[in-house]
Every structure is written in C-alpha cells, then in structure tokens.
Amino acid sequence: MLTLVAFVVALGILIAIHEYGHYRVAVACGVKVLKFSVGFGKPIYTWRLKNRPTEFSIGMLPLGGYVKMLDEREGPVDPAERHLAFNNRPLGERAAIVAAGPAANLLLAIVLYAIVNWSGMQEPQPILASPVAGSIAERAGLRGGERVQQAGLEGETLEEVRSFEDLRWRLTRAALGGRDVRLEVTDGVGESTGGSVAATRSVLLPLGQLNAADADAQLFRKIGILGPWTQAVIGEVMPGGAAEKAGLRAGDVVQRIGDRTIVDGQQLRETIRSAKGAQSWQILRGGQTLELQVAPEIREEGGQSIGRISAYVGTPPALVTVRYGPLDGLWNGAVRTWEVSVLTLKMMGKMLIGEASLKNLSGPLTIADYAGKSASIGLSAYLLFLALISVSLGVLNLLPLPVLDGGHLMYYLWEAITGKSVSDAWMDRLQRGGVAILLGMMSVALFNDVTRLLG
C-alpha cells in the first residue's frame, strides 16, 4: 500500500509542477489557458479560480497531464481573442512556454536537494571497507579502514567528502564518464588497522580503464568499494539457515575463517560469498574464543555460485549528519541537479550509440518500487528520490523527439532559422516517428522492470 501511495504522490507532484511551468509562463505571456489537468481520463475533481478562465482538473489516470491553451489550429477562435491564442504569440514566447515545463522540473529538483541539504541527513561515514580481491581499489593500495577526506577527478581540484554516499556518487560519475579519481585518505580509522592514526596519503583509482556501461552492483565490484566499514559481527540469525545450524549467535565476533584473519564486515561477507564448502570459523563470544564449522548454502545468482549463511553480517556503519548552510545548501542542490542532468544525457547518448546497455532504462514498475522503498526509509530519502525523478523527467522532455517538449523546441528552431513553420505533412510524419520511438523506449523500460522484479 505504501508503494502505491508513494508512487501516486510522486507522479502527482512531478506532473503538477511540470504542467504548472507551462501554465505560469503561458499566463505571463498573455495566452488564454482553457484547461489545466493533472492526469488523463474522466475528471474526478474540477474547479475554477475566481476571475480566471482556466478549468483545473484531476484525472483518473495519474500518468501524465496537459495544459490546453487557446489555439487557432485546434478550433475556431473568437476574433476578439485572437491575440490571446498560443499560435499568434511571438516565437520567443512560444518557445519559453514549451521550455517552462522541463525547467520547472529542474527547478523543483534544485529545491528538493536544497531542502535535504538544509535539514540534514544521516549517512554512513566515508570509511572504506576491505576492497574486493583483485579489484581496482585493492591494486591501488587500499586495504580497508581508511577514511576518505577528499576526492576529485584526476587533474582537478579535490573536494571534501562528507559521507560514503557522497563518495559513491563521485565514483559513479567518474566511472561512467571514463575518468580517473584521486582520493586523499587517512589510514587507521577503522578498527581493522588497530585504531592507530597514520598520515594522510593520496590514492589514484584508474576508473577510466573500466569502460563502464552500466551503473550497477557489478560496476562497484570492479572498482572494489562496495560499502562503508563495519565490524565483523554476526547480527540477526534466520531460523533453519546455515548460521543457526552451525551454532552461530547474534553478537558473535568473527576473528578468523580458515587461515584468513577477518578484519571487517565486508571481508567477512566476501569470504562467505566465495565459499565452496564447509569453513572453519574462529569466533569471540562473551570473552571466549570458540571454533565452529560453518557450511554456507551455495546458491546460483546471476549465473554465479554464491555462499549464504542466512544471517545479517556486519554491524550498522558509523553515521554522520550531513547538513549545509542556506547558500551552500542551495548551491549544492543546483550543482547536483546539473551533475545528474549531464550524467543522464551522457548515459542516453551512450545507449544510443551502443556503448551503454539498454538495461539502464527504467519504467513505472521500477519507479514505483523505489518510491515505496525510499518512503519507508524516511522523508529525506523520499525527497531525494523525487529530485532524481524530477531531473530525469526534465531531461527526458528536452530530448528532440516530436511528441516531447524538446521536439516542439526543435520545430521552433527550424522556424527561427528558415522564417517559416514546419509544414503539416512533415509535422505528421515526425509525430508518428516520435510516437514509435517513445513506445519503443517504454517497451524496453517495461521489459527491464519485469526482468528486475522477477530476478
């Protein structure tokens, strides 16, 4: 139920803001707006504002919306109101009205990011877990337990890293952009290094060599940085699982598996994942050292054999409250909106030329799933989800597809260059092509949704 409510609320807010952008600029330009609708189909509620010609309505299907303006191309117009018709406004005003929808979504994203920045959010500290064996992080000299102080693209100024999520975002952008990343880290922060504090050192992660096509879990396994540092402690044990059968209990501290010393939760998880059979565990329980034989259950996941023990592994990571001041929070919101927009365009471009997988396209089922998950975490997570989808909606609508706002802007560019509008015949052909492309994208997105949910 929460997923459905969160999804409908998200769509309602994003669509209403998008259409309000069109409406507000149209009114400012002197265009008569006949109807403002959030949702399609039979209206479930309509109203009018005093001294306004516009009918506002909420439709039964919350999958879109529209602003209907007075336009001679759509029906007869009273000669006394011809100056109020959209088609009779100057080219610049028409372009501004069309661009206002996507712009409103991008502005909404800035505001949402800023609100989260101002209110503050609990996030894991940027202390690194043990890197994946053979990964870029391990080859670069990271061992686990380092706190990342600063990060930046190679050759550019390093910036403070406030949280692990901040670091993860920087790594994602760099990997998908084919850029190397330089980290400034301090050793000895995690307990894996004994708690001693060492001097800060510089580490280069050559992410440009990845040729990353997908922003998925496998990308971060290749990088080697999967999560923040945690203790190698067993948490909740599931009834009937391998952990319970072996005699493991919540609170057990894992010190050694076979001949390998376990230094943190990440290394413990990786050791369990790579299990091929029974393992000899040394644990600390109530001040006493115990030896247990643990036989992880081997499961096939994504074509790989993965060991599982049916228990929560590792303690919750240490958290930090990330909060910004008024101006810094707003600026950071604008920067994040720009970065997400650029990354979205780059990924779309890579998918177009075959350098990125079409699996990156997500449809309504995935969006609904993330809406519910983010809402269950808390308001800040839900606002971040709304901001991300708002950016995606704004960027998508600016694409030069005839059925989208970007397509109309493409028509106006042609009109500005040639001095004449696109002919009706060409308009019809382009609209048909745009619909076909959009339906194709939607089909791929829905297929990806079903594949993710069933997988």
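## A walk through rings and helices

Start by selecting Phe40, which is partly exposed with a relative accessible area of 35%. Bear in mind as you look around that this is a predicted model.

**Stop 1: Phe40 and its partner**

How far apart are the ring centres of Phe40 and Tyr66? They lie 6.3 Å from centre to centre, and with 5° between the planes the pair is stacked. Colour the strands and you will see that Phe40 sits in strand S1 while Tyr66 belongs to strand S2, 26 residues apart, so that the pair links distant parts of the chain.

**Stop 2: Phe36 and Phe56**

Next, select Phe36 and Phe56. Is Phe36 buried or exposed? Phe36 is buried, and Phe56 is buried as well. Their ring centres are 5.5 Å apart, and because the planes meet at 45°, this pair counts as tilted.

The structure as a whole holds eight aromatic pairs.

**Stop 3: helices H4 and H8**

Move on to residues 164-177, helix H4, and residues 326-353, helix H8. The two axes come within 11 Å and cross at roughly 35°, and the crossing is left-handed. To see where they touch, show side chains for Trp169, Arg173, Leu176 and Gly177 in H4, which meet Arg336, Glu339, Val340, Leu343, Met347 and Lys350 in H8. Sorted by class, this contact has five nonpolar, one polar and four charged residues.

**Stop 4: helices H9 and H10**

Finish with helix H9 (residues 364-377) and helix H10 (residues 379-397). Their axes are 7 Å apart and pack at an angle of about 150°. That angle is over 145 degrees, and H9 and H10 are therefore roughly antiparallel to each other.

Which residues of H10 do you find at the contact with H9? Select Ala381, Tyr382, Phe385 and Ile389; they meet Ile367, Tyr370, Ala371, Ser374, Ala375 and Ile377 in H9. By class, this contact has nine nonpolar residues, one polar residue and no charged ones.

How values were computed:
Residues numbered from 1 in each chain as written. Predicted model: local features only at pLDDT ≥ 70, side-chain atom pairs only at ≥ 80, totals over all residues. Heavy atoms only, no water. Axes fitted to C-alpha atoms, helices over the stretch in contact; angles between N-to-C directions. Helix = DSSP H or I, 4+ residues; strand = E, 2+ residues; numbered from the N terminus. Left-handed = near helix turned anticlockwise from the far one by under 90°. Contact = heavy atoms within 4.5 Å. Nonpolar A, V, L, I, M, F, W, Y, C, P; charged D, E, K, R; others polar. Parallel < 35°, antiparallel > 145°, perpendicular 65-115°, else oblique. Phe/Tyr/Trp six-rings, centres within 6.5 Å; stacked < 30°, edge-to-face > 60°. Buried < 20%, exposed > 50% of the residue type's maximum accessible area, 1.4 Å probe, protein only.
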